[in-house]
Structures are given as C-alpha cells and as structure tokens.
Amino acid sequence: MTEQKIAAGILAADNEKRGNTLKADYEALGDKLARGGISIEAITDKVAQFFVAVPSWGVGTGGTRFARFPGQGEPRNIFDKLEDCAVIHELTRATPTVSLHIPWDKVDDPKRLKSHGDALGLGFDAMNSNTFSDAMGQERSYKFGSLSHTDAATRQQAVEHNIECIEIGEALGSKALTVWIGDGSNFPGQSDFTRSFERYLDSMKAIYKRLPGDWRIFSEHKMYEPAFYSTVVQDWGTNYLIATELGEKAFCLVDLGHHAPNVNIEMIVARLIQFKKLGGFHFNDSKYGDDDLDAGSIDPYRLFLVFNELVEAEHRNAENFHPAHMIDQSHNVTDPIESLIRSANEIRRAYAQALLVDRKALESYQESNDALMASETLKDAFRTDVEPILAMARLNAGGAIDPIAAYRSSGYRATVGKARPAVAGGSSGIV
Ligand code: LRH
Ligand code: MN
Ligand code: MN
C-alpha cells in the first residue's frame, strides 16, 4: 500500500467541487475532436501513460550567485526530498520517478532509500554525477576541470565518482547515468581544445566500460557556464561525437536551456532522432541563458515544437527511440512543489497538443510547398485547449483535477514547515 502524503479526503473534496465542470468541458472537447476524427479517449490514454522524472535538486529552493531565499519547510535530506516528490506525483500522476544528484544527495544506505521510494510509490530515474564542484573532503580539486583535467589523478578521481554513481544507481533500480561537466576555459589559450577533448573521451570510455549491460549513459552539452570562453562539451555536434565514439549505450541529452538564444532546438532533436542518438531531455524554460525556469512558462510554442518532433518519431516508429523525460529546474521565487506540478502539466500539455497534429495533412502541405497551411496545421493543434484531457488523465489515475489548488488546500507546506527547521538565506558573497 502506497503511503499517501495528501489526505485522501482533501483530494476527494477538491475533485468533487470541480467534477461537473470537467465533465462538461471534456464532453465539449470530445465532440470538437470527434468532428476531426480524433478520439478524445485515445489521446487521454496516451497522456496518462506519459511520465517525466522530477529532479531531487528541484524540490529545494534554488538560488543565484547573488543570493538564495529559502522557503518554509525546506527538505533537509534526500528522504524529505522524496516525500516532496511523492506529493507532486500523488497530485499529477505524471512523475513516478526521481532523478538523483550525487553527492548533493547523500546516499549512505541505498537499500533504505529504495524502500522509502517503494513505500511512497516512487522509482529512480537517471543518476547524475557531480564533478563540477568540489565535495567535502575530496582529495583533488575540480577548479581546472574533471574528466578532461590535465592531471591524470584528478581525471581518475572523477571517473571513480561516476562509477560510484552507477553503483548507487544499481542498488536503487536506476538504468542510466547522466554526465554533465563544467570543464572548459575562461581565456583563449588557457587550454588546448583537442587535447582536452581527447582526455575527456578517454575518461568517458573508462566510465562506459563499467556501465551495466542494460544501462544507458547520457552526455549533456551546454554552451557556456561555468566556463565563459570555451566549454569541452559545448554543443550537440560535440555531444553526437561523444555518443558515437563511446558506443551503442551512449546517447545525447538535450537540456532545453543549454543553447544560444534563438537556436532551433527542435531541429537538433530531429537530427539526434534521425541518427539514433537522442537519449533524453532536461526540460525547463529560459529567456536569456540557462535560466532553469518552469517548463512552458516562457515559450510554450517551442516546447510544443520539440514534442511535435517526438510525436512524429513515435508515429513513424523511429529506431532506437526511447527518450528519457526529466525536468531540470531551479525555483527561486515559487514553492518548488508548485513549480514542479505545473511544469509536469505543461510538458504533458505540449505532448497532448502534439498528438493532435494532423500528420497526414501536414505531410501533404509540406510536399505541395503550402507553407501557410503547413504552419496553420501546427498552430491548429497548438491553439487547442487540452486542459480537460490533462485533468481527466489525472483524475482517472487518482490525481487531482486542479493539483495546485488541491496542494494549497492540503496545507502540506505549513505542515512540513513545523517539522523541518527554517534555513538561513543571504548572499552567497561571490559577486
Ligand atoms: C548544468 C545542469 C546539469 C546539472 C544540473 C544541476 O547546468 O543542467 O544537468 O546536473 O544543471
Ligand atoms: Mn541539465
Ligand atoms: Mn543547466
């Protein structure tokens, strides 16, 4: 029996209030879609089967290099974090797994953590290693890099850390390792592009050797930050080279915030699918850089266009296409649980809208070079208000019609605020 964090009565009462309106809206949308030959039930079933992993680091209040303003009831450890993640899943029914970050998450006893996850009805998605900052008591510093460091012993330490992440993940039932490094340079001439990439590849090959047979390894590219002049794994081209050099268990991870402004991310996604190297996503949104804002909060059309590529690939049964869906966000001014709830819903919304695209019509407009109608075909799906589908998928699975309202009326934040001590905020003192 799964342990419930939100009292069943509270959820039922909130759903009860909204049930009739949802029924009417769902029927109206069902009629509209049926006129276009689409079964609303079929779409609702697909949406209900779409899941996205929550990042353990996302349930604590984030911060910037200027300051962090912690909220009430900040999770104290990975056990508290899992409980917050359970709340998100209970209400959305869209986030049954959690992605861990080591050593941000202290996992001294993976077996105990696994049973805590089991009790809450949560599993574990990709493990994330961290060689972009120094851990307490660590022998060698990553100030000048990790997997690509000039010093062999530092590279070895970073390789061993990744292997440790795999071992923890094996005990938890995870099936993937995500590697993002901050290695790069701040000044022209500081490091040799070719030699540092060679060193990186050698280190990754050592990690790859230790990857269990049924695991995948995801490399994550990012244009800049923390290095401001050059970054070793800076773009999808480099990422594709890594995945190809390593072998069939290696794939590219696309974090939506890791590209230059205006880059056509959906096209990168299409290319990686075509060449069978799309591993998965870190969903978030951004205006300027790696802002880590809530998915769909700035440019929902871009998110839809990414999903349009995913649904298109699903539609044509693209080979080796099993992308992992994960959120990677930082919540600085909102309750992280609320941000993650709405992000999971926005990601499902983009998926549902993409499922509504009339693919036959789109293809024929593309073939006849009818640019306007091709673009309208996408817009038509994007303009459809699919909220009744999302709400019905949640309700059918035991979740909330309006998860944020149900969360607020549960008083969860105030309750954990009593048990979890207040955390001091303040300036990071680094600017
Ligand atoms: C780097 C990144 C990467 C890290 C996470 C905390 O910007 O996207 O995925 O693991 O942020
Ligand atoms: Mn990321
Ligand atoms: Mn990032």
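**Helix pair.** I began with helix α9 (residues 300-315) and helix α10 (residues 336-355): their axes come within 8 Å and cross at roughly 55°. That angle makes α9 oblique to α10. I noted the handedness too: α9 passes α10 in a right-handed crossing. On the α9 side I listed Pro300, Leu303, Phe304, Phe307, Asn308, Leu310 and Val311 as the contact residues. On the α10 side I listed Glu346, Ala350, Tyr351, Gln353, Ala354 and Leu355. I sorted this contact by residue class and got 10 nonpolar, two polar and one charged. I keep in mind that the model is predicted.

**Sheet.** Next I traced the strand order. I found an open sheet of eight strands, β1-β3-β4-β5-β7-β9-β10-β11, with parallel pairing. Which strands stand at the edges? They are β1 (54-55) and β11 (324-327). Each has a single partner strand, so one side of each lacks a neighbour in the sheet.

I then looked at one pair inside that order. Strand β5 (residues 176-179) and strand β7 (residues 216-220) pair in the parallel sense over four bridges. Val179 stands opposite Ser219 in β7.

**Helices on strands.** I checked helix α5 (residues 152-172), which packs on the sheet and touches β3 (97-102), β4 (123-129) and β5. The direction of α5 makes about 175° with that of β4. I also checked helix α8 (residues 265-274), which lies across β9 (250-255) and β10 (278-283). I recorded about 170° between α8 and β9.

**Ligand 1.** Which residues are around ligand 1? I listed Trp57, Asn128, Trp180, Glu220, Lys222, Asp255, His282, Asp290 and Asp328. I sorted this shell into two nonpolar, two polar and five charged residues.

Most residues other than glycine have a negative phi, and most peptide bonds are trans. I looked for exceptions. A cis peptide bond joins Ile102 and Pro103, with omega about 10°. Pro103 lies in the loop between β3 and α4 (110-120). I noted another cis bond from Glu225 to Pro226, with omega near 10°. Where is Pro226? I place Pro226 in the loop between β7 and β8 (230-231). Glu225 is found in the loop between β7 and β8 as well. Glu225 also has a positive phi of about 80°, although it is not a glycine.

Methods: Residues are numbered from 1 along each chain as its sequence is written. Chains are lettered from A and ligands numbered from 1 in the order in which they are written. This is a predicted model: local features need pLDDT of at least 70, side-chain atom pairs count only at pLDDT 80 or more; totals for chains, interfaces and linings use all residues. Axes are lines fitted to C-alpha atoms, for helices over the stretch in contact, and angles run from 0 to 180 degrees between N-to-C directions. Helices (H or I, at least four residues) and strands (E, at least two) are DSSP runs, numbered from the N terminus. Angles under 35 degrees count as roughly parallel, over 145 as roughly antiparallel, 65 to 115 as roughly perpendicular and the rest as oblique. A crossing is left-handed if the near helix is turned anticlockwise from the far one by less than a right angle, and right-handed if clockwise. Two residues are in contact if their C-beta atoms, placed from the backbone, lie within 7 Å. Ala, Val, Leu, Ile, Met, Phe, Trp, Tyr, Cys and Pro count as nonpolar, Asp, Glu, Lys and Arg as charged, and the others, Gly among them, as polar. Two strands pair if DSSP finds at least two bridges between them. A residue is near a molecule or strand if its C-beta atom, placed from the backbone, lies within 6 Å of it.
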